[in-house]
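Open the model in your viewer and keep the sequence panel beside it. We will go stop by stop, selecting as we go.

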Amino acid sequence: MEEVLSIKIKNQKSYTELINSIPEDDRKCVEIMNKHNIKGSFNIPTGFLSLSERYLNLSDLVDLYKGHEIALHGHMHLSLGKISNIEIVKDVLENRRILEKEFNQIITGFAYANGSYTQNAKEILKSIDIRYARTVNIDHTFNLPTDFLEWNVTCAHRDANLFE
């Protein structure tokens, strides 16, 4: 699972960090975030939840991520740049259907699985009311994006320049 930690900073700036994890591993991260009043966005690929005992069930996720943003990541974590239009719609809407029902809220955020997307995929997401989508591209800035369906991250765990 990929989660995107996003912190809005004064003067319309944003810090985003891409972290790969699974919900069971998120417990400590969420505990630290909650202690310091840091809000995050957690992107959940619902089709993975029953594949491993390391994944929590949906009701546990509701409790774990309380107070944080829930966003989509595709039901089966498919690479949107490599699948058909109908597969994009089916995968994203199934993910949305499950999460909106469980979390009892409208979900309009998304993170591209495997960083894969095309202009066509962005247009499809927009047509189904996805308001922003995170990429895996690292830009080392705190700027808000000019295109919210192509929102790059400030840094990532795999970033060779993370501590510079």
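Which residues does L125 touch, not counting residues up to four places away in sequence? Select L125 and look: the residues are L80, V92, F110, Y112, I130 and A133. Contact here means heavy atoms within 4.5 Å.

Two ground rules before moving on. Residues are numbered from 1 along each chain as its sequence is written, and side-chain values use heavy atoms, with hydrogens and water left out. This is a predicted model, where local features need pLDDT of at least 70 and side-chain atom pairs count only at pLDDT 80 or more, while totals for chains, interfaces and linings use all residues.

**Overview**

Colour by secondary structure. The protein has 4 helices and 8 strands. Helices (H or I, at least four residues) and strands (E, at least two) are DSSP runs, numbered from the N terminus. Read from the N terminus, the order is β-β-α-β-α-β-α-β-α-β-β-β.

Now colour by accessibility. Of the 164 residues, 49% count as buried. Buried means under 20% relative accessible area, exposed over 50%, and partly exposed in between, with a 1.4 Å probe and protein chains only. Contacts in the protein with a separation of 6 or more are 60% from residues 24 or more positions apart.

**The core**

In soluble globular proteins, nonpolar side chains tend to be buried together.

**Helix α3**

Select residues 85–103. How far apart are the end C-alpha atoms of α3? They are 27 Å apart, in agreement with the 27 Å that 19 residues should span at 1.5 Å a residue. The expected span is 1.5 Å times one less than the number of residues.

Show the side chains of I88, D91, V92, N95, R96, I98, L99, E100 and F103; these are buried in α3. An α-helix has 3.6 residues a turn, so residues three or four places apart point the same way. Next, show what covers the buried residues of α3: the cover includes β3, α2 (58–64), β4, β5 (109–111) and α4 (119–127). Step past the helix end to N104, whose phi is positive, near 55°.

Select 41–44, strand β3. S41 and N43 point one way, F42 and I44 the other, and all are buried. In a regular strand the side chains alternate between the two faces of the sheet.

Strands pair if DSSP finds at least two bridges between them. N43 has A71 as its bridge partner in β4.

Zoom in on S41, buried at a relative accessible area of 4%. Its side chain joins that of E69 through a polar contact of 2.3 Å. A polar contact is a pair of N or O atoms within 3.5 Å; within protein, one must be able to donate a hydrogen and the other to accept it, and residues adjacent in sequence count only if both atoms are side-chain atoms.

**Aromatic stops**

Show Phe, Tyr and Trp rings. Rings (for Trp, the six-membered one) pair if their centres lie within 6.5 Å; planes under 30 degrees apart count as stacked, over 60 as edge-to-face and the rest as tilted. The count comes to 5 aromatic pairs. Start with Y132 and W151: centres 5.7 Å apart, planes at 75°, so edge-to-face. Y132 lies in β6 (residues 132–138) and W151 in β7 (residues 151–153), so the pair ties together parts 19 residues apart in sequence.

W151 is buried at 10%, while F148 is partly exposed at 37%. Then select F110, Y112 and Y117, which form one aromatic cluster.

**Two loop residues**

Where is N114? Go to the loop between β5 and α4. N114 is not a glycine, yet its phi is positive, about 60°. N114 is partly exposed, at 47%.

Finish at D129, in the loop between α4 and β6. Its phi is also positive, near 65°. D129 counts as exposed, at 51% relative accessibility.
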